[in-house]
Amino acid sequence: MTRKTTVQDLVERFSLEILVGNTQLHRTIEKPKAHRPGLEFAGYFEFFSHAHVQVLGRKEITYLHTLTDEERNDRIGNVVKYHPPCFVVTRDLEGLKYLTKYCEEEGIPLLRTSQPTFKFMDLVDTFLAKALAPEIAIHGVCVNVSGIGVLLRGKSGVGKSETAHTLIRRGHRLVADDMVVLKKISPETILGTHNGMNKEFLALRSIGLVNVSRLYGRRAFQDETRIVLDIELTKWQEHDLNNDLELEPKFSEYMDVRVPHIEIQLQPGRDVAGLVEAAANNWYLKTQGYSAVDEFMKRLENH
């Protein structure tokens, strides 16, 4: 399903000044990435990204000032008639009477920020990528372990929240408990976050609901994390042998993005949180090109 955000969301997120269109902030934004209409002001519309937020920086405004009144009105009129969601002028630039006129006539919000153009566009692109990303909600717990995003899954009552609590006490961070929102922000990247209602809350059996930020400080929680490991907690299987030197890699798939999958079997006295830490750290070492199995095999060969 196509996700949408509004000009109002953009105004609130970046504290934008509203020059024109205060009653049109409900207009929707459905395309990620902002666009600078430089070529369009020069009369080239072949690939005009008119459904995107239009950002006008010093180059665009200075160019418009070099035109005659007739040329300027013609160029601006040609761009505005495509009805983009809004225009944002950067660097608190002034002398925008001509823009104001056409935006008022067409009911298009004209906004302004003090941010430099490239910095503002980077911020807007990041914001829109997340706001418009396809998303799903799954049952589980999301934690950040030493900077590594981990999804903990398993049947109800298996101990996901209790494992997360132990990790938090060891200095790691909660992202979401019970309901995890997954956002696909690129073909290779899944972001895990909360749904707003469960922000900072952890449900512990026999204890109840706790606020981890109040209990352990602000460092116990973070808003989002990139998911790089999917760990499933399962009941101990007596005749299952999981002591191979290196298990065959397995993956889970969320919105067509593959995430490495590990199964951890539970048994009384087993340090599950410690195993989650080991899995996260081992994943990181593999991304750096190190394999404990390869080193072990080399030692055997050289023995």
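Helices (H or I, at least four residues) and strands (E, at least two) are DSSP runs, numbered from the N terminus. This is a predicted model, in which local features need pLDDT of at least 70 and side-chain atom pairs count only at pLDDT 80 or more, while totals for chains, interfaces and linings use all residues. Residues are numbered from 1 along each chain as its sequence is written, and side-chain values use heavy atoms, with hydrogens and water left out.

Q: In which helix do Glu295 and Arg299 both lie?
A: The side chains of Glu295 and Arg299 meet in a salt bridge, 2.9 Å from N to O, where a salt bridge is a side-chain nitrogen of Lys or Arg within 4 Å of a carboxyl oxygen of Asp or Glu. The two residues are four residues apart, about one turn of the helix, and both belong to residues 292–302, which form helix α10.

Q: Is Lys183 buried or exposed?
A: Lys183 forms a salt bridge with Glu135, with the closest N and O atoms 3.0 Å apart. This pair links distant parts of the chain, since Glu135 is in strand β7 and Lys183 in strand β9, 48 residues apart. Buried means under 20% relative accessible area, exposed over 50%, and partly exposed in between (1.4 Å probe, protein chains only). Because the relative accessible area of Lys183 is 13%, this residue is buried.

Q: Which residues are linked with Arg170 in a network of salt bridges?
A: Arg170, in the loop between α7 and β9, and a residue of helix α9 link parts of the chain 107 residues apart. Their side chains meet in a salt bridge of 2.9 Å, N to O. The residues linked with Arg170 in the network are Asp271 and Glu277.
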